[in-house]
Amino acid sequence: MTAFAQPRSWIATRPTEIRIAPRRLPNEFYPTPPEATRALLSVEDFDGDIWEPACGDGRIAKVLTDHGHAVVSTDLHAYGHGESGVNFLAQRKPRAKHIVTNPPYGFGLADRFVRRSLALTRETGGKVAMLLNMASLCHPRRTAEWQQTPPARIYAIDDIVCWPEDRYGPPPAHFTKHRYVWAIWTPEHNGPPAFWWLSGAEFRAPNSKINRFNSRRFS
Ligand SMILES: C[S@@+](CC[C@H](N)C(=O)[O-])C[C@H]1O[C@@H](n2cnc3c(N)ncnc32)[C@H](O)[C@@H]1O
């Protein structure tokens, strides 16, 4: 298939900057829309500083900061936010009590991010919150690991799209079908996770943090 035969939704519409999105985006850069982090904060408390170890251009980190959290932002690659050149998988010292991120997914990276985060927060007593592809919850290579180290809570969040529209234009139609969950590990948890639902739309407006008072809180 030639580039011109790509579906229209794959092509940015700005005439000066037409780019075709590759099959998987470079560096697995799929930024998180702010409503996803606001929704997380409506149900989870973080009592201390937070490390965003794959911060990209800071879309999660900025919402955390807006909500009054002290945030350490690092990334392997440079997207103009936080400290770049930091390979999270090679980190052996915690940089903050809690870890919150949307990690890279491809090539088993998300699994490795979860393992490294759990190892690091074992030292701090903090929580781990990972935005994951919902399909990743159910995979024969992961079942035993989920059973051994289950999260305390899983939140299905509807209607969010993690796509760098500013770089590639609107997401391709197939991409908008991805569904996401926040998985939360806490140090004291043992046994099956609780499951709950979050609405993306409810948290789209910038001032929607007030909605936290309408939401159920789990921690
Ligand atoms: C799915 S994007 C999410 C970015 C940001 N967390 C957000 O939610 O907007 C994944 C990010 O992981 C970064 N990344 C990939 N491999 C990494 C590694 N080994 N260590 C740290 N960051 C990495 C990429 O540069 C990219 O910014």
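Me: To start, what share of the 219 residues in the protein is buried?

Reply: Buried residues make up 33% of the 219. Keep in mind that this is a predicted model. The protein has five helices and seven strands. From the N terminus they run α-β-α-β-β-α-β-α-β-α-β-β.

Me: How much of the contact set, at a separation of 6 or more, comes from residues 24 or more positions apart?

Reply: Such pairs account for 71% of the contacts in the protein with a separation of 6 or more.

Me: Why is helix 1 called largely enclosed?

Reply: Helix 1 spans residues 34-43, and eight of its ten residues are buried, so the rest of the structure largely encloses it. The buried ones are Glu35, Ala36, Thr37, Arg38, Ala39, Leu40, Leu41 and Ser42.

Me: Which residues meet where helix 1 and helix 2 are in contact?

Reply: Helix 1 brings Pro34, Thr37 and Arg38. Helix 2 brings Arg59, Ile60, Val63 and Leu64. By class, the residues of this contact divide into four nonpolar, one polar and two charged.

Me: Which residues of helix 2 are buried, and what do they pack against?

Reply: Arg59, Ile60, Ala61, Val63 and Leu64 are buried. The buried residues of helix 2 pack against helix 1, strand 1 (50-52), strand 2 and strand 3.

Me: How do you know that Leu64 counts as buried?

Reply: Count its neighbours. Leu64 has 23 C-beta neighbours inside 10 Å. The cut-off for buried is 20 or more. Leu64 meets it, so the residue counts as buried.

Me: What does Leu64 touch, leaving out residues up to four places away in sequence?

Reply: Leu64 touches Thr37, Ile50, His69, Val71 and Val100. Leu64 and Pro34 are 30 residues apart along the chain, with C-alpha atoms separated by 9.5 Å.

Me: What follows helix 2?

Reply: Gly68 follows helix 2, with a positive phi near 90°.

Me: Why is Gly80 called exposed?

Reply: Gly80 has 9 other C-beta atoms within 10 Å. Exposed means 12 or fewer. Gly80 falls within that limit, so it is exposed.

Me: Where does Gly80 sit, and what separates its C-alpha atom from that of Gly56?

Reply: Gly80 lies in the loop between strand 2 (71-73) and strand 3 (98-101). Its C-alpha atom and that of Gly56 are separated by 7.8 Å, although the two residues are 24 apart along the chain.

Me: Which residues come nearest to the ligand, and how does the shell around it divide by class?

Reply: Gly56 returns here. Of the 24 residues around the ligand, Pro31, Thr32, Ala54, Gly56 and Asn102 come nearest. The shell has 14 nonpolar, seven polar and three charged residues.

How values were computed. Residues numbered from 1 in each chain as written. Predicted model: local features only at pLDDT ≥ 70, side-chain atom pairs only at ≥ 80, totals over all residues. Helix = DSSP H or I, 4+ residues; strand = E, 2+ residues; numbered from the N terminus. Contact = placed C-beta atoms within 7 Å. Near = placed C-beta within 6 Å. Nonpolar A, V, L, I, M, F, W, Y, C, P; charged D, E, K, R; others polar.
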